[in-house]
Amino acid sequence: MMRKCGVILILILIGIFISVCSFGQQQTKINLIYRVKIEGVINPITERFLVNAIKKAVEEKAICLIIEMDTPGGLVSSTHNIVKEILNSNIAIITYISPKGARAASAGVFISLASDVIAMAPATHIGAAHPVTMGNGGPFSEKGTQSSQVMSDKITNDLVAFVKSIAEKKGRNIKWAEDAVRKSKSITEKEALQLKVIDFIAEDLSDLLKKLHDRTIEKEEKEIKLVTKGIIPQEIKMNFREKFLHAIAEPNIAYILLMLGIYGLIYEFASPGIGLGAVCGGICLILAFFGLQSLPINLAGVLLIILGCILLLLEVFAPSHGILAIGGVVSLTFGSFMLIDSSAAPFITISWKLILSMLIFTSVFFFIGIGAAIRAHRLKVTTGEEGIVGEIATAKTKISKEGLVFAQGEIWNAVVEGEEVIEEEEKVKIVGMEGLKLKVRRLEEKKE
């Protein structure tokens with residue numbers, strides 16, 4: 001009897017333990033909050049990462065997904081896909097523009113307005129969403145370089161309709177949303193709160209969670225009550241591949257890869273057959289093109305860089321004593337500063353210090369090489385017939401018609417001009433070559 005009671009007691013304890021564990025897991029599931037950090041240009045890599053994060057949060061039935069954002073803008077196509085995923089998700093999406101000094105410009109405006117809650121850290125700003133067209137649905141900025149005014153107006157009107165529909169659905173300031181696209185208006189966090197563009201200002205993530213607690217959000221015709229107090233959000237991070245591809249889309253990295261690709265090709269053309277320059281240069285150029293596709297590229301800058309490369313290559317093949325190299329460096333200089341349309345996208349620029357460093361390196365490399373080549377041309381030839389004719393040699397044997405002479409550290413066969421006879425150890429002058437034989441004559445000493 002006692003044994004039966006003991007077994008029953010153990011089974012009851014096991015049941016209680018399993019129930020507690022299941023309840024704990026359920027509680028953890030209910031109180032799950034995810035967060036992601038979006039920094040830099042919005043590109044296809046950012047799009048895929050963010051869309052996957054939203055899907056994971058939905059599958060895990062998280063309370064919400066917090067997007068901590070600091071972006072200067074990005075591709076229209078990527079922004080459309082992100083906004084569509086946010087609007088169609090059945091969990092709360094919170095956009096938090098942080099840290100202090102961050103901004104949600106251009107594409108960031110659309111993503112923010114599509115979110116269920118928008119919060120901003122102090123000393124941040126949002127706005128400036130006028131589009132630029134570059135082919136492939138280029139990034140948001142001010143002015144297209146490859147489209148007519150009519151096409152530019154069409155794209156602007158399309159984005160105005162898009163942003164107005166988002167603002168209307170989320171109950172935000174429609175007038176400001178339109179001005180952000182048409183007039184590139186940008187506002188601070190305090191102005192955004194006053195204009196009802198955002199919901200509140202949060203000092204940090206902890207303050208954000210406190211202000212989100214007990215907030216009710218309408219989503220897909222249902223109400224979601226946020227329970228965020230005391231919960232530590234789990235961060236979803238980019239994997240190595242995503243970090244690498246996102247990094248090379250940064251303007252400075254893309255420019256470095258572009259210049260390395262140019263150096264590689266110049267090296268390959270200067271030393272054909274090795275293959276190292278072609279392989280490394282080709283890889284760098286492809287990676288650079290991948291990064292540059294999401295940036296507001298100025299066509300004139302690209303053409304000037306191409307011209308600079310051509311001039312530098314011509315200097316390698318047809319030395320012009322530096323004229324072509326100077327033209328190439330000047331062309332690269334102007335092209336580098338014009339490569340990114342900074343007037344259109346003031347936050348997407350290449351560091352002028354980086355540009356100057358690259359150009360100084362290029363100039364020093366080429367002009368040192370050119371100087372060495374000029375000095376080499378001016379030196380007396382020391383090899384072959386030109387290098388030995390005119391030299392003084394010593395007869396090692398008696399030379400009547402043929403004999404041996406010592407010249408330039410070697411023993412040579414020699415023939416004498418005319419009928420003269422040269423005695424052993426007598427000095428002779430080399431006056432020519434006949435096959436592998438030296439033509440010599442007696443060295444006549446000057447007499448006063």
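Me: Which residue stands opposite V428 in β15?
Reply: A393 stands opposite V428. The model is a predicted one, in which local features need pLDDT of at least 70, side-chain atom pairs count only at pLDDT 80 or more, and totals for chains, interfaces and linings use all residues. Residues are numbered from 1 along each chain as its sequence is written, and side-chain values use heavy atoms, with hydrogens and water left out.

Me: What makes β12 and β15 a pair of strands?
Reply: Strands (DSSP runs of E, at least two residues, numbered from the N terminus) pair if DSSP finds at least two bridges between them. Strand β12 (residues 392-395) and strand β15 (residues 427-434) have 3 bridges, and therefore they count as paired. Their sense is antiparallel.

Me: How do you know that β15 and β16 pair, and in which sense?
Reply: DSSP bridges number 6 between β15 and strand β16 (residues 437-442), in the antiparallel sense. M433 stands opposite L438 in β16. The hairpin of these strands has 2 residues between them, and G435 takes a positive phi near 70 degrees there.

Me: Which strand does β14 join, and how do the two run?
Reply: Strand β14 (residues 410-416) is joined to β16 by 3 bridges, and the two run parallel. K439 in β16 is the bridge partner of V415.

Me: In what order do the strands close into a barrel?
Reply: The order of the 5 strands is β12-β13-β14-β16-β15, with mixed pairing. From one strand to the next, the twist averages 55 degrees.

Me: Why is α3 described as roughly parallel to α4?
Reply: The axes of helix α3 (residues 76-88) and α4 cross at roughly 10 degrees and come within 9 Å. Angles under 35 degrees count as roughly parallel, so α3 is roughly parallel to α4.

Me: Which residues of α3 and α4 meet?
Reply: In α3 they are T79, I82, V83, I86 and L87, and in α4 they are A107, F110, I111 and A114 (contact: heavy atoms within 4.5 Å). By class, the contact has 8 nonpolar, 1 polar and no charged residues.

Me: How far does the backbone oxygen of A128 lie from a polar atom of the side chain of S106?
Reply: The distance from the A128 backbone oxygen to that S106 side-chain atom is 2.9 Å.

Methods
Polar contact = N/O pair within 3.5 Å; in protein donor to acceptor, adjacent residues only side chain to side chain. Axes fitted to C-alpha atoms, helices over the stretch in contact; angles between N-to-C directions. Helix = DSSP H or I, 4+ residues; strand = E, 2+ residues; numbered from the N terminus. Parallel < 35°, antiparallel > 145°, perpendicular 65-115°, else oblique. Nonpolar A, V, L, I, M, F, W, Y, C, P; charged D, E, K, R; others polar.
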